[in-house]
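Good morning, and thank you for joining this group meeting.

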Amino acid sequence: MKKPRGWKELTPGSVILEAGNAVEFKTGSWRAFRPRWLEENCIQCLFCWMYCPDMAIIVEDGKRKDFNYDYCKGCGICALECPGKKGKKAIVMEEEGK
Amino acid sequence: MAKIVAVTGNEAVAEALRQINPDVCAAYPITPQTDMMQRFSSFVSDGKVDTEIILVESEHSAMSACIGASAAGGRVVTATSSQGLALMWEMLFIASGNRLPIVMPVVNRALSAPLNIHGDHSDSMGARDSGWIQLYSENAQEAYDNTIQAFRIAEHMDIRLPAMVCMDGFIISHSIERVEYLEDADVKNFVSEYKQMNPLLDIDNPKSYGPLILPDLYMEYKRAQHEVMTKVKGVVLNVASEFEKLSKRKYGLFESYKLDDAEIAIVILNSAAGTAKDVIDQFRAKGIKAGLLKPRLFRPFPYEEVADAIKDVSALCVMDRADSFGAYGPLFIEICGATLHLEKRPLMINKIYGLGGRDFMPEHAEQVLNELSVIAKTGKIRIVKEYIGVRE
């Protein structure tokens with residue numbers, strides 16, 4: 001844990017000068033439902049990657065890999081949008097802690 | 001060479017804004033300010049300034065547009081009055097909290113209800129805790145001079161806070177007075193090129209304005225905001241001294257009028273101070289040691305300096321052109337705060353006057369000074385807060 005900042009250490013007007021610093025703020029613990037990726041049903045359409053509001057889908061060489069659970073808030077948009085294969089979803093939502 | 005003209009307060013401030021040539025102006029009409037921004041938009045239409053003018057649908061939008069333009073990195077101005085300032089309310093705090101040096105002439109006008117378009121200080125006094133610097137102006141000359149100085153104060157790299165320049169609606173905004181204009185080149189040189197701080201349009205260095213700050217850090221930001229306000233006094237005095245070299249007109253944190261040896265004194269803002277000074281001269285001619293203090297910088301309030309100026313007065317009346325119903329007037333409360341730690345302090349009373357443009361007449365000042373003479377003699381206060389110039 002970083003030492004909390006005192007009032008003399010702040011930028012004027014609470015302006016954030018470091019672009020992309022949301023990466024430091026891990027939001028995965030907010031999740032109530034956890035998406036699970038079923039690779040066998042995945043057609044690599046990348047809809048999930050496009051729709052994910054938290055950039056929590058890891059893509060390498062143009063192909064999706066597993067979720068980045070440090071940032072996934074469990075919103076379920078990916079599971080909703082996933083077309084799957086032959087009527088079978090490639091992303092399913094499961095309750096956390098079960 | 002300065003140019004001497006006969007103009008209204010609105011015209012004088014619009015002229016100052018023409019000379020300053022800000023980057024962006026977003027404004028919405030409201031009496032008695034309308035005429036100022038109308039004149040300024042004529043300068044825009046006639047190509048006398050390079051300002052981008054944004055016509056908006058309300059004062060809330062005007063201030064919002066100013067906030068955006070200021071964060072983007074521009075020198076920004078707007079102006080308002082009364083209900084307009086009230087409608088800006090939530091955005092005022094965003095401008096100051098984001099440390100955006102927007103300059104806003106406020107043509108003081110009463111607040112509804114009942115509906116009234118004339119001058120009193122209810123509007124700007126209501127915004128006293130919004131984190132804006134507030135300068136008050138007695139006449140058109142002071143409004144012109146304060147507007148020019150406000151840009152330097154607000155935009156100072158140690159300050160970066162928005163500033164209001166207040167003047168009385170109609171009494172000053174619409175009355176024609178003698179005003180000395182500075183040369184265009186002198187004003188341009190005085191306000192100098194706008195210096196940006198963290199501009200959003202610097203796309204090579206992306207940044208973010210207005211983050212969510214939760215209980216773990218919010219109080220630190222507010223403490224920092226107070227700290228920057230404590231530096232304003234010094235900047236106001238430095239800017240005033242530079243301005244004096246240019247204009248030969250002297251400004252301070254407040255004006256002391258025959259106050260040095262005064263036994264009785266009045267504290268009063270804006271145009272009514274002019275009337276009160278005439279009456280003080282009459283009392284002086286009768287051998288009565290009367291004086292006056294006219295605050296110029298109301299936010300931040302210069303407590304120590306004011307206390308030092310009035311500490312030897314026996315009886316003092318603080319006159320408020322705004323009311324706090326069921327409480328003392330806002331200026332009176334500040335003067336009480338200023339004198340709190342003095343071992344010996346004046347006996348003080350509070351008069352509410354001039355609401356909704358009710359005339360402040362010489363006889364009102366006389367009545368107050370006579371009452372102060374009695375208080376100084378007897379050491380007894382009849383009543384702390386009272387309304388003057390009001391029918392029973």
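I begin with a definition: helices (H or I, at least four residues) and strands (E, at least two) are DSSP runs, numbered from the N terminus. The model is a predicted one, in which local features need pLDDT of at least 70, side-chain atom pairs count only at pLDDT 80 or more, and totals for chains, interfaces and linings use all residues. Residues are numbered from 1 along each chain as its sequence is written, while chains are lettered from A and ligands numbered from 1 in the order in which they are written.

Let us turn to the backbone. Most residues other than glycine have a negative phi, and most peptide bonds are trans. Leu46(A) is not glycine, and its phi is positive, near 65 degrees. This residue sits in the loop between strand E1 (33-37) and helix H1 (47-51) of chain A. Leu46(A) is partly exposed because 14 other C-beta atoms lie within 10 Å.

In chain B, Lys258(B) has a positive phi near 50 degrees, and the loop between strand E9 (254-257) and strand E10 (264-267) holds Lys258(B). Lys258(B) counts as partly exposed because it has 16 C-beta neighbours inside 10 Å.

Chain B also has cis peptide bonds to show. One joins Thr31(B) and Pro32(B), with omega about 0 degrees; Pro32(B) lies in the loop between strand E2 (24-27) and helix H2 (34-45) of chain B. Another runs from Ser112(B) to Ala113(B), with omega near -5 degrees.

Next, the domains. Bounds come from an automatic or database domain assignment, which gives chain B domain 1 (3-247) and domain 2 (254-387). Residues are in contact if their C-beta atoms, placed from the backbone, lie within 7 Å. How many residues of domain 1 of chain B are in contact with domain 2 of chain B? There are 28, and they meet 20 residues of domain 2. Strand E6 (133-137) of chain B is among the elements on the domain 1 side, and E6(B) gives the largest share of that side, 5 residues.

Between the chains, the contact takes 12 residues from chain A and 18 residues from chain B.

Now a pair of helices. The axes of helix H12 (residues 303-310) and helix H13 (residues 330-339) of chain B come within 8 Å and cross at roughly 80 degrees. Axes are lines fitted to C-alpha atoms, for helices over the stretch in contact, and angles run from 0 to 180 degrees between N-to-C directions. Angles under 35 degrees count as roughly parallel, over 145 as roughly antiparallel, 65 to 115 as roughly perpendicular and the rest as oblique. H12(B) and H13(B) are therefore roughly perpendicular to each other. Among the residues that meet here are Tyr303(B) in H12(B) and Ile335(B) in H13(B).

Finally, the interior. A nonpolar core is a set of buried Ala, Val, Leu, Ile, Met, Phe, Trp, Tyr and Cys residues joined through C-beta atoms within 7 Å. The largest has 121 residues, and Leu292(B) is one of those with the most contacts inside it. Helix H7 (residues 140-155) of chain B provides the largest share of this core, 8 residues.

Key:
Two residues are in contact if their C-beta atoms, placed from the backbone, lie within 7 Å. A residue is buried if 20 or more other C-beta atoms lie within 10 Å of its own, exposed if 12 or fewer, and partly exposed in between; C-beta atoms are placed from the backbone.
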